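Thanks, everyone. Please look at the screen. I will talk about salt bridges.

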Amino acid sequence: MQQILILGGGAAGLAAALAAAQTAEGRAHITVLDKNAKVGKKLLATGNGRCNLDNRDITPERYFTSSPKALRRLLSAVDEAAPLAWFESLGLYTRTDEAGRVYPYSNQAADVLALLEHHLSRLGVEVRTGCTVQSLSQSQSRGGYAVQIETEAGRETLRADAVICAMGGDAGPQFGTDGFGTRFAAQCGGRMAPLYPCLTALQCAHPRKPLAGIRAKGCASLLDGADGRVLARETGEVQFTEYGLSGICIMQLSGLLAPGRGPKRPVAALDLFPALSETGLAALFAQRVGLLGSEAAEFWLGLLPAKLGRALWADAGLPENARALPASAWPKLAATAKCWRFEGLTPCGWKQAQTTGGGLLLDEVEDDFQFKGCPGLYFVGETLDCAGSCGGYNLHWAFGSGIIAGRAAAKLRKKKK
């Protein structure tokens, strides 16, 4: 009987195992190996525990990679695998919000994991936890691969005709990830893009610490401080922190800070009044002076939180008394409110990152995610140089790549001796 090993019990690994079992129809023994005490630990935390498992608007532009041409090829294969339809065939009923984000109807990530575990058990897939993968080597005499693992009982070597590597990247070490998946890909001879924390908050050289905890809706832009070019814009809620900036729109911008590909002098610029032009905003400010009191805090009533308004006022270099200001002050304040600059940006560490940027280059795998030159060895999910935006894009990639690799592995035939 064919032996298939799935290294990693996260989203991609569980999808690969189940897809392989469905395709093999009892003609293969499939084993999932996971280092945690229970599979799906990171999956349970996705979407704030609701599991944003897909998005209705999947496009290559929503992903960060150093190989955009290869991404289009592989993403087309993932889309054809139709992860959402696959889940529906398993009995998952979903709901879609106004932004195209897809969730289980129950809004419970635990239900998605329970559904996968139910079908894995029904199809006889073996799940082994507490297993740390140590090495993989090709078997010269028997064909296939030998995988050495470490368990509480000691070291053990398993033989497999096909191996699917779904051990993830460095992001979220609190969920049991340690970057072994990407190191493993490098050990197998794969060319790698440098790793970096992706979908994470940003530290600033001069954070506005007194604003920590305040949230404001607006537009956040990533600029190249060297030439002022706008590299990307995201609209949403910005959260001020002691170290810098957070919020989904900020996390989206962090994906563009890849080593060697991002701007050398990244700057975040906040537009707190995106619906108004700079001229219109200046006129609004001038009008408010006669309607409200003379203090800066009163000036911001109904516009911004008082503490945020005072910080903006100070950064524009305006004195406290609004009535004493000349007419030229309002365009200056409007310019600051429309382009409030935060410089010296660096991504926060792996613990805050939702996913791993960089990884095994996409050109290193075939359309079925098989590692080129190594029949029966596959790399899927976060081990690859493909990081999606917030909103279900990463799970679409993880589930889809796992489904494709699982089906391909189950179709392999043993080589004749």
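Is Glu 156 buried, partly exposed or exposed? Glu 156 is partly exposed, at 27% relative accessibility. Here are the cut-offs: buried is under 20% relative accessible area, exposed is over 50%, and partly exposed lies in between (1.4 Å probe, protein chains only).

Some ground rules. This is a predicted model, where local features need pLDDT of at least 70 and side-chain atom pairs count only at pLDDT 80 or more, while totals for chains, interfaces and linings use all residues. Residues are numbered from 1 along each chain as its sequence is written, and side-chain values use heavy atoms, without hydrogens and water.

Now the bridges. A salt bridge is a side-chain nitrogen of Lys or Arg within 4 Å of a carboxyl oxygen of Asp or Glu. The whole structure holds 16 of them.

Back to Glu 156. Its salt-bridge partner is Arg 128, with the closest N and O atoms 3.1 Å apart. The pair links distant parts of the chain, 28 residues apart: Arg 128 sits in strand 7 (residues 126–129) and Glu 156 in strand 10 (residues 154–160). Helices (H or I, at least four residues) and strands (E, at least two) are DSSP runs, numbered from the N terminus. Arg 128 is partly exposed too, at 21% relative accessible area.

Next pair. Arg 73 bridges to Asp 367, with 2.6 Å between the closest N and O atoms. Arg 73 is in helix 2 (residues 68–81), and Asp 367 is in the loop between strand 20 (355–360) and strand 21 (377–379), 294 residues apart. Arg 73 is partly exposed at 28%, and Asp 367 is partly exposed at 43%.

Last one. Glu 25 and Arg 27 form a salt bridge at 3.7 Å, N to O. Glu 25 counts as exposed because its relative accessibility is 60%.
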